[in-house]
Amino acid sequence: MTTPIAPDLSTGARVVAKPRPGVWKRLLKRPLAVAGLVIIAIVVIGAILAPWLTGYDPNEQMFDGLTIEGSPLPPNAKFWLGTDLLGRDLLTRILYGARTSLIIGIVANGVALLIGTLVGVTAGHFRGWVGSVLMRFTDLMMAFPALLLAICLAAVFQPSLWIVAMVIALVNWVQTARVIFTETSSLSEREFIAAERTIGAGAPRILFRHILPHLVPTIIVWGTLGISTTVLLEATLSYLGIGVQPPTASWGNIIFENQTYFQAAPWLVFFPGAAILALALAFNLIGDALRDILDPTQRGRE
Amino acid sequence: MSASLDKRREETAEKTGPVLDITGLSIAVRGEDGEREVVSNLSLTLGRGETLCIAGESGSGKSMTALAIMQLLPKPAARIAAGTIRLRDAERNDVDLTTLDERRMRRIRGDRIAMIFQEPMTSLNPVLSIGRQLTESIEVHTGASRAEARRRAIEALKSVRISEAESRLKQFPHELSGGMRQRVMIAMALALEPAVLIADEPTTALDVTVQGEVLELLRDLQRVHGTSIILITHDMGVVAEMADRVIVMRNGRMVEEGATGDIFAKPQATYTQELLSAVPRIGEGPGRRPSRRDDGTANDHVAEINDLSVRFDLRGGLLGRVNRRVHAVEGVSFSIAPHETLALVGESGCGKSTTAKALAGLVPYEGAIRIGGRNLSGLGGDERKAVRRDIQMVFQDPFASLDPRMRVGELVAEPLLIHGIGSKQERRDRVAALFERVGLSADQMELYPHEFSGGQRQRICIARALALRPKLIIADESVSALDVSVQARVLDLLKELQSEFGVAYLFISHDMAVVENISDRVAVMYLGQIVEMGTRDQVFSNPRHPYTKRLIEAVPVPDPTRRRSRFARLDKEIASATRKVGDDPQRLTLRDVGDGHLVAG
């Protein structure tokens, strides 16, 4: 038993930590993440500087914006992305619409993630009657048609951009809660959580220091997926007249206003659609990169 | 001319030559920093009806070799870089398996070469009955009719001594015990009468008494069918028990090859010598002095456990009422003195881990647990937290018990932080000192758990348990997952720490040899109750309870000259600790047979 074994495997391999650059620096090393950052920067700058970037008013129905027959113009030298059914400049509307869509995509989605994560983590970690009540409530919300719920909520409150954002958040947290619940309950069963309890760790420490960091990848994936969903839900609400009130532009309502003319004027759906896609993709790329960077077990694989 | 010569040579080879012939096999795995060879230039032959053991520690490439033979290497990361694997059997003469395409290989797998894995539960499909799985593989390979396949399946189950084979066909994997499942796997593997059977750690996940039986079964079946067996194991006891010939591997290379007797009697390579000397053996522990000090404080117990019971309710029936109860721990009492190591041994499901969890505050219990004279159940939250500081735990799997997203330095400092001990700098210094003490270096504190080896990780867990200077450390199978050489060093470390800090251990293990080496006193558990308890010498030299005797006899001895002809046979399935409500198990009373040696019944 006590015979010494010449090569001490367990202590021989000395690995020494190398200082690591910060998250931001490592993010900039990834071309795809940089592409995502660039897209988001363009959208944000476009939204902020919209009045200076375009000479048109987003709500002005221009006489020369329509043909003699009254149909919208395809992209041309004067109106770069064409005009819509009412003769308004599409590029201008997309730029101004970015304001609405960014708020919806980030605020509404962020609040939804927050609620979903809180409910999911609490239910998943504590189980018992707390967990049962929370999850049955989640199931109830899930079973209820989201659109109907949103309509009810929107009818109760006066429609405004922030109210719409809250309504969307209140509808959209359920899927997140479900997924987070499942992950948390399996994490809580892991041995290192039991090990934490044996050293006397309390619930807040276990939840915030040991469970939440493991949920980051899931939260990021759901967060980025949620952006396109929320932007489109806002559009649906606008279409039904309970979202952002016309003539205020949002990417979603541009699509909905024009979708019936899709065959005659495809650009009216294509450009705002491409904008939503690009924004969601950009968040997705960054999310993907962040997930790898924040996971220490992925170290050395960058 | 040469063709006829070759043919003649093949015909002779068919009768006498090796059934499997590996030459110059190299396996490369693509990793973070390019390709790395995990098996280098390995050559071996497997004779007809021979049992060849490939022994080695983790990372030696033994499992990779097995997967390469089956052409089941994980794709696309691993590939065969060089070498040939020739299969010469009675039906298909001389094929090089490395050149076969997937379709032809599929016919060889299972039919000519079969494999059984370590964990039978994960290699059986949980949603199909075992009958379906058995008959399906027979149908696919032989083209037999359903009825014929069924008949052969029943035959196969009978051959692995499964009773009521016909009704067993309808059962699902989860309805069988671990030993039963492994027997089903063997039945499946042997149903097609393969020329070669590869068994990758077939008994590692099994209890020691079941292990003996499965090994004996393999031996019997080999005698009947003349199958050649490649047995991959890290357990030198199993090697001594089973092998005709042994190959010792390390870091992807063959270190030594020889007949079993020679390897054990006069190992040539230094590594083999070290490996064999690191294997814990019953009765050959060094004549160490007892770590327990009789300085008049013997009554001053670190922990006293009195009439501890842990029961889990199971709900069932239409109304979901509690109708059955698992009596995991049933009236267990023992005490541990400072400087003492009490070992709790028994097979899986005997309640030893549940006892540990109750002590660590992880499961609710009935009865009294006194730490340093204070009963835990009478205390409020904060007080209990303070008393609990004195008990720390080291788990079986160090990787699973360390949060993979935290730096190890933070992990070791965490108990100090939680209990509000020291300033940030003081904590850092203390952690650095702990790192040095357990044989790591302080500059490794910034690393994450996955950057360490298994043994190093367990050292981190030990440092973490020591951080609060506890009076008792519960080591729940803490060395079971480690390679023998690493295991020996971790055990040495535990002993050193004991004499240095005076900490007591509750050492939980299924490995009788390890227990015999480390413990002062031993308690044997069976179905939630202690059946025998006494000093190490009392229990190992003079076991009184039949279960203790069987447990000790079943341990394979790492000495081929002491090979047993027959193993202790389990005549029935192990009884279950799950009982109907109201049908409480009978409490055993322990009787003193002299000098504090307690035996049930």
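Predicted model: local features only at pLDDT ≥ 70, side-chain atom pairs only at ≥ 80, totals over all residues.
Local features need pLDDT of at least 70 and side-chain atom pairs 80 or more, while totals for chains, interfaces and linings use all residues. Residues are numbered from 1 along each chain as its sequence is written, with chains lettered from A and ligands numbered from 1 in the order in which they are written.

Q: Why is α8(B) called roughly parallel to α9(B)?
A: The axes of α8 (residues 178-190) and α9 (residues 208-225) of chain B come within 10 Å and cross at roughly 15°. Angles under 35 degrees count as roughly parallel, so α8(B) is roughly parallel to α9(B).

Q: What makes up the contact of α8(B) with α9(B), by residue class?
A: Its residues divide into 7 nonpolar, 4 polar and 2 charged. Asp, Glu, Lys and Arg count as charged, Ala, Val, Leu, Ile, Met, Phe, Trp, Tyr, Cys and Pro as nonpolar, and the others, Gly among them, as polar. Among those that meet are B:Ile186 in α8(B) and B:Leu217 in α9(B).

Q: Why is α2(B) described as largely enclosed by the rest of the structure?
A: A residue is buried if 20 or more other C-beta atoms, placed from the backbone, lie within 10 Å of its own. In helix α2 (residues 62-70) of chain B, 7 of the 9 residues are buried, so α2(B) is largely enclosed. The buried residues include B:Lys62, B:Met64 and B:Ile69.

Q: Which residues touch the most other members of the largest nonpolar core?
A: Of its 171 residues, these are B:Ala187, B:Ile230, B:Leu472, B:Ile474, B:Leu506 and B:Val524. α8(B) gives the most to this core, with 8 residues.

Notes:
Axes fitted to C-alpha atoms, helices over the stretch in contact; angles between N-to-C directions. Helix = DSSP H or I, 4+ residues; strand = E, 2+ residues; numbered from the N terminus. Parallel < 35°, antiparallel > 145°, perpendicular 65-115°, else oblique. Contact = placed C-beta atoms within 7 Å. Core = buried A, V, L, I, M, F, W, Y, C linked by C-beta atoms within 7 Å. Buried ≥ 20, exposed ≤ 12 C-beta atoms within 10 Å, placed from the backbone.
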